[in-house]
Amino acid sequence: MPCPRPEALLASWHPVHPGSQIFRRVFMSMGPSFPRLAACALVWLSAAVPAAAAEPSLSLKISSALRDRTFWNAGAIHVNVQTKSGETYDVDGPNGKVLPLSLLQTMVGGATVDTPGSPSNRLFNDILRMMAQDGITGSETDAKDIARNMARFANALPRLSATMSNLGLDALGTPPGIRGQASRSMSTGGISLGYYLDDDHQWAVETYVLAAPLTTSVTATGRPRYRVVLDGDGQEVEVLSPFGLEGQQILSSKLLPPTVMFGRYWGSASSRFRPYTGALAMYAIFYDTKATPALNAYVGGSNPGDTSVSIKNAFGAGPMLGFRYALNDSWRVNFSIGSVKLKTQATLVTRNSRFDKNTPAILDLGNDQAGLVDNVTGVILAGEGLLAVRGADGSSRSRLYDALGGITAITTRAAQSFSGNSSGTYVRKTDTQLTNTIYMLSIGRDF
């Protein structure tokens, strides 16, 4: 098609409209070649548009193909969970065990309290620090007597140190045998989008694009322990005590599980009933995880919220099978079952930890067996009432001793100071495998 002269093309435009007059001047001022090229482009474009309109565009063809192969489903998701939990353990380092034996042994010795660097002298200086921090009033003489007798009296720290050595304990920390049990089931709703990979609608990939978060909780379980307590006559007796957190909820969490499914529908696309086999992959995102007040108190948190919990995100994959049943030419019902294993780890961080004879974790430091001569809990509880350390009832020393929290509180706070963990922060971890059986019931249709 020959290109018209620019003047002829411009002459066909509105001769009076001011905008046309301005555009003419700008158009012609661009030089001798630009107006003619622009005129050719306009003519070619005007000729191409009717030709393109005569048949469907490429974009329309693509959108039609996508629509023919795309489907959606909406329904309910139910998950049954089996938990295989390892024991909760303390991390290595100063934020791990509460009272390492090697550190406790530095608090035991016969040197005088006035000897710089002696065990009783270090305890004395730490007692003064605790008094200053907590605003406790008392005399230095009473503080010296408490420190001296804790370090030197046979039934105080020396007995605890010997008991730990006899039992083969290198430290006191999280009681052994504590495990977590996740909620046995959880449910939510969701909407998924899928795409057939072939024209026969046999192979397909599907993913959930919208789903409400799953909610779960964890309860604690542990072993009962034999411990030694004082009876009404002040005599030591051995009793079997249940785990202090048995059956109690210790944390809650929310879970987003982005899930992708891939598999094959058997039979023809027009079949009413079509079995399905495939696989699914899931990435579990845990968030808004919170420790309960019971857990915080158990591990020595001195204030509400001192214990925080995080759960590591996890990936898992597994088999899947099911079927779909066509209700009519448009709608169908889908049902499938899948299994996914997730390996994850929970991390508990407790700040501002304070321990005393009533801290639940301390009471769970007993023995697995009955009749053993040495018992950590028994030694701790017996040591709390020693007159040689505490002083006579009503005395100024006993008032200072009680204000400090007793031997357990003094010893564990001194251990924090000696190890450089002045904030009282401890970290524990639990490794867990979650086996999830996933049931999905939905209704859907092709686009």
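## Pockets, cavities and crossing helices

In this predicted model, α8 (157–167), α10 (360–363), α11 (376–384) and α14 (406–419) each supply at least two residues of the lining of the largest cavity.

Reader: What volume does the largest cavity have?

Author: First, the structure holds 2 cavities of 30 Å³ or more. The largest cavity has 24 lining residues, with L172, I362, L365, I380 and T412 nearest its centre. Its volume comes out at about 260 Å³.

Reader: And how many residues of that lining are nonpolar?

Author: Sort the lining of the largest cavity by class, and you get 1 charged and 7 polar residues. The nonpolar class has 16.

Reader: Which residues are closest to the centre of the second largest cavity?

Author: This second largest cavity has a volume of about 170 Å³. There are 15 residues lining it, and the ones closest to its centre are E206, M320, N334, S336 and S442.

Reader: Which elements give two or more residues to the lining of the second largest cavity?

Author: By class, the lining of the second largest cavity splits into 8 nonpolar, 6 polar and 1 charged. The elements giving two or more residues to that lining are β7 (203–211), β12 (259–265), β15 (314–326), β16 (331–350) and β17.

Reader: How many charged residues does the lining of the largest pocket have?

Author: Go class by class through that lining: 32 residues are nonpolar and 15 are polar. The charged ones number 2.

Reader: Back to α14. Is α6 roughly parallel or roughly perpendicular to α14?

Author: Helix α6 covers residues 119–134, and its axis comes within 10 Å of the α14 axis. The two axes cross at roughly 100 degrees. Angles from 65 to 115 degrees get one label, so α6 is roughly perpendicular to α14.

Reader: How many charged residues does the contact of α6 with α14 have?

Author: On the α6 side, the contact uses R122, L123, D126, I127, R129, M130, Q133 and D134. On the α14 side, I410, R413, A414, S417 and F418 join in. Sorted by class, that contact has 6 nonpolar and 2 polar residues, and the charged count is 5.

Reader: What about α7 and α13: is their crossing left-handed or right-handed?

Author: Helix α7 (residues 140–152) packs on helix α13 (residues 396–404) at an angle of about 70 degrees, with the axes 9 Å apart. That angle makes α7 roughly perpendicular to α13. As for the hand, the crossing is right-handed.

Reader: How many nonpolar residues are in the contact of α7 with α13?

Author: From α7 come D142, A143, D145, I146 and N149, while α13 brings S396, R397, L400, Y401 and L404. Of these, 3 are charged and 2 are polar, and the nonpolar number is 5.

Reader: Last one: how far apart are the C-alpha atoms of Q235 and A382?

Author: Q235 is in the loop between β9 (225–230) and β10 (236–241). Leaving out residues up to four places away in sequence, Q235 touches V229 and L230. A382 is 147 residues away from Q235 along the chain, yet their C-alpha atoms are separated by 9.8 Å.

Definitions and conventions:
Residues numbered from 1 in each chain as written. Predicted model: local features only at pLDDT ≥ 70, side-chain atom pairs only at ≥ 80, totals over all residues. Heavy atoms only, no water. Nonpolar A, V, L, I, M, F, W, Y, C, P; charged D, E, K, R; others polar. Axes fitted to C-alpha atoms, helices over the stretch in contact; angles between N-to-C directions. Helix = DSSP H or I, 4+ residues; strand = E, 2+ residues; numbered from the N terminus. Parallel < 35°, antiparallel > 145°, perpendicular 65-115°, else oblique. Left-handed = near helix turned anticlockwise from the far one by under 90°. Contact = heavy atoms within 4.5 Å. 1 Å grid on protein atoms, 1.4 Å probe; cavity = no way out; pocket = protein on both sides within 12 Å on 5 of 7 lines; lining within 4 Å. Points joined across faces, edges and corners; volume = space filled by probe spheres on them.
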